[in-house]
Amino acid sequence: MTSQIAPPAPTGTPSTGYRLRWAGLAVILAAEVMDLLDTTIVGVAAPAVRQDLGGSDAQIQWITASYTLAFAVLLITGGRLGDLFGRKRLFVLGATGFTLASVLCAAAPGAGTLVAARTVQGLFAALLIPQGLGLIKAMFPPKELGAAFGLFGPILGLSSVLGPTLGGYLTGADWFGLGWRAVFLINLPVGLLTVFAAGRILPADRSTRASTAGAAADARTGRIDPVGVLVLGLAVLLLVYPLVQGRELGWPLWTFLSMAASVPTAWLFTVQQRGVLRRGGTPLIEPSLFGKRAFVSALATGLVFFAALSGLMLVFTLHLQLGLGWTPLHAGLSMIPLSIGVVVGAVLSGALLAPRYGRRVLHLGMVLAAAGALGLWATVDGATGLGSWQLAPALALAGLGLGLIMAPFFDIALAGVEESETGSASGVLNAQQQLGGSMGVALLGTAFFGWARTDDFGHAAGLTYGLVAALLAAAFLIAFLLPRQARPDGEGH
């Protein structure tokens, strides 16, 4: 695609930014929408898939798990490939592959084929998504980065509601006899538009391989270290696979052994990467990143925060559908107050609060989100005849807090990252979100089902919302390790 369309030359200076930066941001957010929809839309269609294609319980579970695992395993490598070969090129390649894989998913004749197509879809998503943060950092001047990152909040909130709602509608509407296949074909127009717009709007790739002494090795090798890819992929697989499957399987012994084995495998990866550096090669993760206080502190904060966020979303939908017997469409529509809160919080944070108050906005967001989780606990525990309107105030408060967090979090995390490190940093941050989300689903999902076996769903959900608030309180404390501001006086370092 990029070889056929001449992209506009980058214009602007670091103080003014790329001329088409807001249009470029829209392209990046469209890719985020495709990814987020695919992590939420498929679960609603799973019963229809089972009825149409058959397959074992494990195969149906793997329709979701295969995407998550493939995505998580290749994320860091995908980000590093953007550093080496250009973020725009990898973005277009990822969007093209993701769109084609969506068509393969829709055309799958059996459950096994669908799982394989979902794996391919996850691999291309891992090439696509890590490029977004790096492209934003390259296109926007420092004073506008908070506003740009702030728009991720509304997208996360709206997609979390749109996914299950759209999935339930498309599956039930059975347009042209497509049934569940429509949930994958919905990516076709969005994906084609994203690929075309990326070729025309995103800034031309700039070589980062000769910009620093560390990147000089990139110019000499011009390739990714394959041993590092395999070792890192194995470490992530050993950790994420049991987190994804453990709850469904009742946490057999091998799940804990696998998670334990991920620790020495990760250590082996660090040893191998030091060897790559000594030989003048290209590391998958720039070691200099872990000398940056803001980045390391953001990893720790984000791991706990995204665990709380994913756990909250999971338990809320489980309670409404399993406990209250609501349809997926009803449950999705009931999350609209959360999305409205996220949109309002993100706009306020990105445009007004985060550039001025920095870390304090992130702390405020965590307090409000925790208060919303506690409000949900008070609302659902012991309640009878619960309706959507009774849940709305606590949901809106939680959403407002979540929206406030997004802009300062990404802005602070990436503020001190150099150009040659951006792809690696973006891959690590995205992998951290996947890992945090998997941990949250495993921890809070297990707690919810454990309590639900001995008590009613409302009480179990309430206790789990209390755990969500506890996780947010822990993230609040860890966030004190972050710098007060992304940049002194709102500018670059």
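Let me start with a term we need for everything else: helices (H or I, at least four residues) and strands (E, at least two) are DSSP runs, numbered from the N terminus. With that in hand, hello everyone, and here is our chain.

What we are looking at is a predicted model, where local features need pLDDT of at least 70 and side-chain atom pairs count only at pLDDT 80 or more, while totals for chains, interfaces and linings use all residues. Residues are numbered from 1 along each chain as its sequence is written, and side-chain values use heavy atoms, with hydrogens and water left out.

First, the overall picture. How many helices and strands does the chain have? The count is 19 helices and 0 strands. The chain has 493 residues, and 55% of them are buried. Here buried means under 20% relative accessible area, exposed means over 50%, and partly exposed is in between, using a 1.4 Å probe and protein chains only. Next, contacts, meaning heavy atoms within 4.5 Å. If we take the contacts between residues at least 6 apart in sequence, 83% of them join residues at least 24 apart.

Find Trp251, between helix H11 (226–249) and helix H12 (253–278). Its phi is near 55°, which is a positive value in a residue other than glycine.

Let's move to helix packing. Two packed helices are described by the angle between their axes and the distance between the axes.

Which residues make the contact? On the H6 side they are Leu145, Gly146, Phe149 and Gly150, and on the H17 side Met406, Ala407, Phe410, Asp411 and Leu414. Sorted by class, this contact has 6 nonpolar, 2 polar and 1 charged residues. In this sorting, Ala, Val, Leu, Ile, Met, Phe, Trp, Tyr, Cys and Pro count as nonpolar, Asp, Glu, Lys and Arg as charged, and the others, Gly among them, as polar.

From H15, the residues Ser349, Leu353, Ala354, Arg356 and Tyr357 meet Arg359, Arg360 and Val361 of H16. By class, the contact of H15 with H16 has 4 nonpolar, 1 polar and 3 charged residues.

Now for salt bridges. A salt bridge is a side-chain nitrogen of Lys or Arg within 4 Å of a carboxyl oxygen of Asp or Glu. The structure holds 4 of them, and I'll show you some.

Glu144 and Arg21 pair up through their side chains, at 2.7 Å from N to O. This pair links distant parts of the chain, with Glu144 in helix H6 and Arg21 in helix H1 (residues 21–53), 123 residues apart. Glu144 is buried at 18% relative accessible area, and Arg21 is buried at 15%.

Next, Asp83 and Arg80 form a salt bridge at 3.1 Å, N to O. They sit 3 residues apart in helix H2 (residues 57–85), so about one helical turn separates them. An α-helix has 3.6 residues a turn, so residues three or four places apart point the same way. Asp83 also has a salt bridge with Arg87, with the closest N and O atoms 3.0 Å apart. Through shared partners, Arg80, Asp83 and Arg87 are joined into one network. Are these three buried or exposed? Asp83 is buried at 1%, Arg80 is buried at 0%, and Arg87 is buried at 7%.

Last, have a look at helix H5 (residues 130–139), where 8 of the 10 residues are buried. Among them are Pro130, Leu133 and Met139.
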